[in-house]
Amino acid sequence: MQPSSAPRGKLVVAHAERKAQRALQRLVGATQCPVEVVDNLDALLKLVDEQTIAVVDASLARTRPSIRETPARAWIAVPGEGLAPAEAPVVDALLTAGWNHVISHPMPILAEELLATAQKLIRGSAFGLEKYMVWGAEVRSYTLEDANDRDRVVSALARDVIAVGLPDRIGSMVSVIADELIANALYVAPVDPTGARTRSAEPRDRSRALTGRDVVTVRWATDARYLAIEVRDRWGSIDLPAIAPRLAAGGKQATSAEGGMGLPLAYACCNQFVIGCAPGELTEVITLLDVRYKPTELGRSASFHTFSGPVDAEGGTS
């Protein structure tokens with residue numbers, strides 16, 4: 001088998017501390033792309049081009065959050081200390097500034113999350129919860145055939161999660177997350193040709209057959225590290241640039257047409273919040289709950305990622 005000849009770009013790490021530089025260089029070096037390391041943002045800017053993935057210490061990024069507007073393949077903020085999570089005000093500041101990739105958790109979660117994010121960006125493969133699971137994890141799915149199936153699917157998912165041995169606390173968070181993401185897919189995602197959200201005012205207890213683009217699918221899996229919940233709609237209408245500031249504001253700036261508190265509430269209940277969008281075709285929201293640690297051992301704010309691109313064969317559209 002010959003290695004791919006497609007350009008893979010490069011990664012540049014910007015961090016002031018030598019120990020953190022070496023750790024991050026080893027992590028992203030696993031992508032087998034060229035990696036360069038600098039200790040300040042001015043040096044970083046000299047190396048960034050449209051094929052660069054820039055990995056930046058979050059505290060450093062906060063001093064110049066608009067740097068993310070420099071053309072690059074992606075800007076990823078990471079915790080400043082390998083064993084300490086990013087501080088919540090730092091995460092909120094970067095989300096407010098529109099960063100698409102903010103990692104809030106320390107090692108070993110940092111390593112897993114950073115590598116998965118970089119590989120998705122390098123390969124142009126944005127979709128599918130499988131990218132966050134170890135090989136062999138079973139994926140289960142539910143398809144909503146009617147809007148009133150929402151309660152049934154949420155209850156079934158919570159029961160199934162508890163049945164595999166996860167605690168009731170996880171089951172409760174799963175119920176909240178799934179309910180909010182399904183509601184978003186049912187009532188916020190549908191749009192008309194002008195972009196108006198045609199279902200936003202629809203009563204939530206009204207039966208509506210779901211066919212064609214209205215079909216909503218829910219998938220989940222666990223690998224004893226993470227519990228992943230994935231909700232997909234066929235509209236691809238989510239306004240990606242608006243999401244990060246909304247999450248930082250806790251939904252206070254959202255209107256009912258935009259989903260109100262739904263996405264911010266789901267974000268508050270998970271450890272990683274990942275959105276993929278193929279415009280006009282598919283929106284996928286994946287939430288990850290780390291089941292290895294107590295909530296107090298993790299960052300106060302969830303990590304956040306958005307990806308945009310065509311639906312790839314690897315991600316599928318089950």
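Tutor: Strand β10 (residues 282-290) pairs with β9 in the antiparallel sense, over 7 bridges. Keep in mind that this is a predicted model.

Student: Which residue of β10 is the bridge partner of glycine 276?
Tutor: Glutamate 284 is the partner of glycine 276.

Student: How many residues sit between β9 and β10?
Tutor: The two strands form a hairpin with 3 residues between them. Glycine 280, in the turn, has a positive phi of about 75°.

Student: And in what sense does β9 pair with β11?
Tutor: Strand β11 (residues 303-308) pairs with β9 in the parallel sense, over 6 bridges. There, serine 308 of β11 is the bridge partner of cysteine 277.

Student: Is β9 buried or exposed?
Tutor: Buried: 7 of the 7 residues of β9 (residues 272-278) are, so the strand is largely enclosed by the rest of the structure. Gln272, Val274, Gly276 and Ala278 point one way, Phe273, Ile275 and Cys277 point the other way, and all are buried.

Student: Switching to helices. At what angle do α6 and α7 pack?
Tutor: Helix α6 (residues 149-163) and helix α7 (residues 168-188) pack at about 150°, and their axes are 9 Å apart. Angles over 145 degrees count as roughly antiparallel, so α6 is roughly antiparallel to α7.

Student: Left-handed or right-handed crossing?
Tutor: The crossing of α6 and α7 is right-handed.

Student: Which residues make the contact?
Tutor: On α6 they include Val153, Val154, Leu157 and Val161. On α7 they include Ile170, Val174, Ile182 and Leu186. The residues of this contact divide into 13 nonpolar, 2 polar and 4 charged.

Student: Then which residues other than glycine have a positive phi?
Tutor: Glutamine 32 is one of them, with phi near 65°. Alanine 224 is another, with phi near 70°.

Student: Where are they placed?
Tutor: Glutamine 32 is in the loop between α1 (18-29) and β2 (35-38). Alanine 224 is in the loop between β7 (216-222) and β8 (226-233).

Student: Buried or exposed?
Tutor: Glutamine 32 is exposed, with a relative accessible area of 71%. Alanine 224 also counts as exposed, at 60% relative accessibility.

Conventions. Residues are numbered from 1 along each chain as its sequence is written. This is a predicted model: local features need pLDDT of at least 70, side-chain atom pairs count only at pLDDT 80 or more; totals for chains, interfaces and linings use all residues. Side-chain values use heavy atoms; hydrogens and water are left out. Axes are lines fitted to C-alpha atoms, for helices over the stretch in contact, and angles run from 0 to 180 degrees between N-to-C directions. Helices (H or I, at least four residues) and strands (E, at least two) are DSSP runs, numbered from the N terminus. Angles under 35 degrees count as roughly parallel, over 145 as roughly antiparallel, 65 to 115 as roughly perpendicular and the rest as oblique. A crossing is left-handed if the near helix is turned anticlockwise from the far one by less than a right angle, and right-handed if clockwise. Contact means heavy atoms within 4.5 Å. Ala, Val, Leu, Ile, Met, Phe, Trp, Tyr, Cys and Pro count as nonpolar, Asp, Glu, Lys and Arg as charged, and the others, Gly among them, as polar. Buried means under 20% relative accessible area, exposed over 50%, partly exposed in between (1.4 Å probe, protein chains only). Two strands pair if DSSP finds at least two bridges between them.
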